[in-house]
Amino acid sequence: MSDLMPEPGTASGEPDETAGPAPEPAAPAPLGVTRTPTGDAAVDARLERLADADHLPADGHVEVYEDVHRGLRDALTALDARPAPAPMPSYNNRS
């Protein structure tokens with residue numbers, strides 16, 4: 001830069017002594033999102049797992065979200081599975 005131009009962020013080009021150190025990030029805190037039960041125990045358990053992210057820093061959320069997504073995807077996939085055929089009745093009632 002030119003000797004005539006002050007540094008960006010200061011009027012005189014001198015370091016800003018009043019700024020101090022950067023503030024610390026806030027501690028993780030629950031978002032307070034209400035989860036309404038769906039009636040499906042497997043789905044409800046996955047949705048409750050989202051609460052685990054409330055106590056983690058942001059970089060820990062991805063693991064929780066991916067786990068919940070995987071579980072919900074598995075629950076939806078199971079809905080598409082055909083039920084096993086019922087066993088045929090036995091007619092061996094000879095008397």
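Asp-40 lies in the segment before helix H1. Helices here are DSSP runs of H or I with at least four residues, strands are runs of E with at least two, and both are numbered from the N terminus. Asp-40 is partly exposed, at 37% relative accessibility. Partly exposed covers the range between buried (under 20% relative accessible area) and exposed (over 50%), with a 1.4 Å probe and protein chains only. A polar atom of the Asp-40 side chain lies 3.1 Å from the backbone nitrogen of Val-43. A polar contact is a pair of N or O atoms within 3.5 Å; within protein, one atom must be able to donate a hydrogen and the other to accept it, and residues adjacent in sequence count only if both atoms are side-chain atoms. Asp-40 and Ala-75 are 35 residues apart in sequence. In space, their C-alpha atoms are 9.5 Å apart.

The model is predicted: local features need pLDDT of at least 70, side-chain atom pairs count only at pLDDT 80 or more, and totals for chains, interfaces and linings use all residues. Residues are numbered from 1 along each chain as its sequence is written, and side-chain values use heavy atoms, with hydrogens and water left out.

Leu-31 also has its place in the segment before H1. Leu-31 is exposed, with a relative accessible area of 69%. Leu-31 and Ala-53 are 22 residues apart along the chain. Their C-alpha atoms are separated by 9.5 Å.

The chain as a whole comes next. Its secondary structure consists of two helices and zero strands. The chain has 95 residues, and 9% of them count as buried. Among contacts in the chain with a separation of 6 or more, 30% join residues 24 or more positions apart. Contact means heavy atoms within 4.5 Å.

Helix H2 spans residues 61–80 and has 20 residues. From its first C-alpha to its last, H2 reaches 29 Å. This is close to the 28 Å expected at 1.5 Å a residue, where the expected span is 1.5 Å times one less than the number of residues. Val-64, Asp-67, Val-68 and Gly-71 are the buried residues of H2. Seen down the helix axis, these residues fall within an arc of 95 degrees, so they line one face of H2. The arc is taken over the directions from the helix axis to the C-beta atoms. Helix H1 (41–49) is included in what covers the buried residues of H2. Leu-76 and Asp-80 are exposed on the other side of H2.

Asp-67 lies in helix H2. Asp-67 counts as buried, at 17% relative accessibility. Leaving aside residues up to four places away in sequence, Asp-67 touches Arg-46 and Arg-49.

Charged pairs were then examined. Side chains of opposite charge can pair when their charged atoms come close. Four salt bridges are found in a search of the whole structure. A salt bridge is a side-chain nitrogen of Lys or Arg within 4 Å of a carboxyl oxygen of Asp or Glu. One of them joins the side chains of Arg-46 and Asp-67, at 3.2 Å from N to O. Arg-46 lies in helix H1 and Asp-67 in helix H2, so the pair ties together parts that are 21 residues apart in sequence. Arg-46 is partly exposed, with a relative accessible area of 29%.

Arg-49 forms a salt bridge with Asp-52. The closest N and O atoms of this pair are 2.7 Å apart. Arg-49 is partly exposed, with a relative accessible area of 23%. Asp-52 is partly exposed as well, at 37%.

A further salt bridge links Arg-70 with Asp-67. Here the closest N and O atoms are 3.8 Å apart. Arg-70 and Asp-67 are three residues apart in helix H2, and about one helical turn separates them. Arg-70 is partly exposed, with a relative accessible area of 41%. Through salt bridges that share partners, Arg-46, Arg-49, Asp-52, Asp-67 and Arg-70 are joined into one network.
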